[in-house]
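This report describes a single protein chain for a reader who has the sequence and the coordinates at hand.

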Amino acid sequence: MEPELSPQVAQALPDVEVQHIQGGAKAVQEYLEYRRIVGDDDQGKLFTPQEYEDYKKRVIPVRLRNRLYVSWRSPTGMDCKLVGPETPCFCTHRYKQHKTDFEELPSERPIHLPCRVGHCQCKGYLYVPLNGTSPIRCRCKHFADDHSEANGHRCKKCSKCPGFHSSFTCGCGKPAYVHQTVVETKEERLAQGKPVGQDVPYAAMGGLAGFSSLAEGYMRLDDSGRGAQPLAFLESSGSRMDHPFLKVYSPELEDASISTSQQVPGVMIEEKDLAYFEKRHQERLTRGKTSKGLKTSKDPTPSVPEQP
């Protein structure tokens, strides 16, 4: 699909310049498509048109048949992070720089995806979360990238650290060290009821199955990334504690069919909450008036002696 210019811009430019702009935009789109399909397999040198066609005929069928889905999963089964092409590994290289295409899927589990960057000792892709934009710290107080990418992940800045171990808390409420980087096939993922998205020819798509896959697990309104709940579920009437987000993630309300009149134990309703703080406020006012009265009675204003 060629990009279109607005009528005002098209009228203001000569026909030659319009064709030049449209042709340039089309070339950019074709290059982006080429880069998504080929990735780094061309070793930095663009394929010729014939090499590009031969590459697609050879690789795309394998990619559609043997795609691997990569996620960072909590013990509850939630995919807290669905890995994409640009997601960095513990070795600091991105997922697309690891081996992701297999003509025959490995039979042993777990499946290891070694890094293809020269001199990197990473034997398998391992996701490590970020604290905002900064790497998380190990219990030895050093950052993740201060540790070796080799098996064991020993610290390179101290000798006491036996291996990377972080207590960083994920958005799901669980610490990072109880999560696992999971590599699975399409069949294994479907057997768990998790989304697989559409078959695409692009390289290193990992666990991405749609736009909702870009969000963290606890923000997707479900445990897998397939998106929002059905409209009937979202529009169901109930109390303020029956919000769809609470229905999905509250352990007391795992079943969406639970009566909307049921409240989450231990949570005060809004009226009781306001009454509690109002009571505390009145108590503080009373204490303030009492203490002020006592101070006045203990320290009376001294009388001025009469002049002789």
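## Charged surface and salt bridges

Lys279 lies in helix H7, which spans residues 270-298. The model is a predicted one. On the surface, Lys279 belongs to a patch of positive charge, together with Arg280, Arg284 and Arg287.

As a general point, side chains of opposite charge can pair when their charged atoms come close. In this model, 14 salt bridges are found.

| Lys or Arg | Asp or Glu | N to O distance |
|---|---|---|
| Lys56 | Glu53 | 3.4 Å |
| Arg73 | Asp79 | 2.7 Å |
| Lys186 | Asp199 | 3.3 Å |

The setting of each pair can be described in turn. Arg73 and Asp79, whose closest N and O atoms are 2.7 Å apart, are both buried. Lys56 and Glu53 are both residues of helix H3 (residues 49-65), where a spacing of three residues places them about one turn of the helix apart. Lys56 is partly exposed because its relative accessibility is 22%, which falls between the limits of 20% and 50%. Glu53, at 36% relative accessibility, is likewise counted as partly exposed.

The salt bridge between Lys186 and Asp199 has an N to O distance of 3.3 Å. This pair links distant parts of the chain: Lys186 is in helix H4 (residues 186-191), while Asp199 is in the loop between H4 and helix H5 (231-234), and the two are 13 residues apart. Lys186 has a relative accessibility of 25% and counts as partly exposed. Asp199, at 47%, also counts as partly exposed. Elsewhere, salt bridges with shared partners connect Arg73, Asp79, Glu184, Arg189 and Lys194 in one network.

## Overall fold and a nonpolar patch

The chain contains seven helices and five strands. In sequence order, these elements follow the pattern α-α-α-β-β-β-β-β-α-α-α-α. Of the 308 residues in the chain, 30% are buried.

The surface also carries a nonpolar patch of about 360 Å², formed by Val28, Tyr31, Leu32 and Leu46. Tyr31 is part of helix H2, residues 15-38. Its relative accessibility of 41% makes Tyr31 partly exposed.

## Cysteines without disulfides

How many disulfides does the chain hold? The count is zero. In the case of Cys89, the nearest cysteine sulfur belongs to Cys91 and lies 3.7 Å away, and Cys89 is in no disulfide. The reason is the cut-off: a disulfide requires two cysteine sulfur atoms within 2.5 Å. Cys89 is buried, at 3% relative accessibility.

## Backbone geometry

Most residues other than glycine have a negative phi, and most peptide bonds are trans.

The peptide bond between Arg109 and Pro110 is cis, with omega at about 0°. Pro110 is located in the loop between strand S2 (79-82) and strand S3 (130-131).

His153 has a positive phi, near 50°, although the residue is not glycine. His153 sits in the loop between strand S4 (134-135) and strand S5 (180-185). Is His153 buried or exposed? At 18% relative accessibility, His153 counts as buried, because that class covers values under 20%.

Ala204 also shows a positive phi in a residue other than glycine, with a value near 55°. The residue is found in the loop between H4 and H5, and Asp199 is placed in the loop between these helices too. Ala204 counts as buried, at 6% relative accessibility.

Notes. Residues are numbered from 1 along each chain as its sequence is written. This is a predicted model: local features need pLDDT of at least 70, side-chain atom pairs count only at pLDDT 80 or more; totals for chains, interfaces and linings use all residues. Side-chain values use heavy atoms; hydrogens and water are left out. Patches are made of residues with over 30% relative accessible area and no salt bridge: like charges are joined within 9 Å, nonpolar side chains (Val, Leu, Ile, Met, Phe, Trp, Tyr) within 5 Å. Accessible areas come from the Shrake-Rupley method with a 1.4 Å probe; for residues, only the protein chains shown count as cover. A salt bridge is a side-chain nitrogen of Lys or Arg within 4 Å of a carboxyl oxygen of Asp or Glu. Lys and Arg count as positive and Asp and Glu as negative; His and the chain ends are not counted. The place of a charge is taken as NZ of Lys, CZ of Arg, CG of Asp or CD of Glu. Helices (H or I, at least four residues) and strands (E, at least two) are DSSP runs, numbered from the N terminus. Buried means under 20% relative accessible area, exposed over 50%, partly exposed in between (1.4 Å probe, protein chains only).
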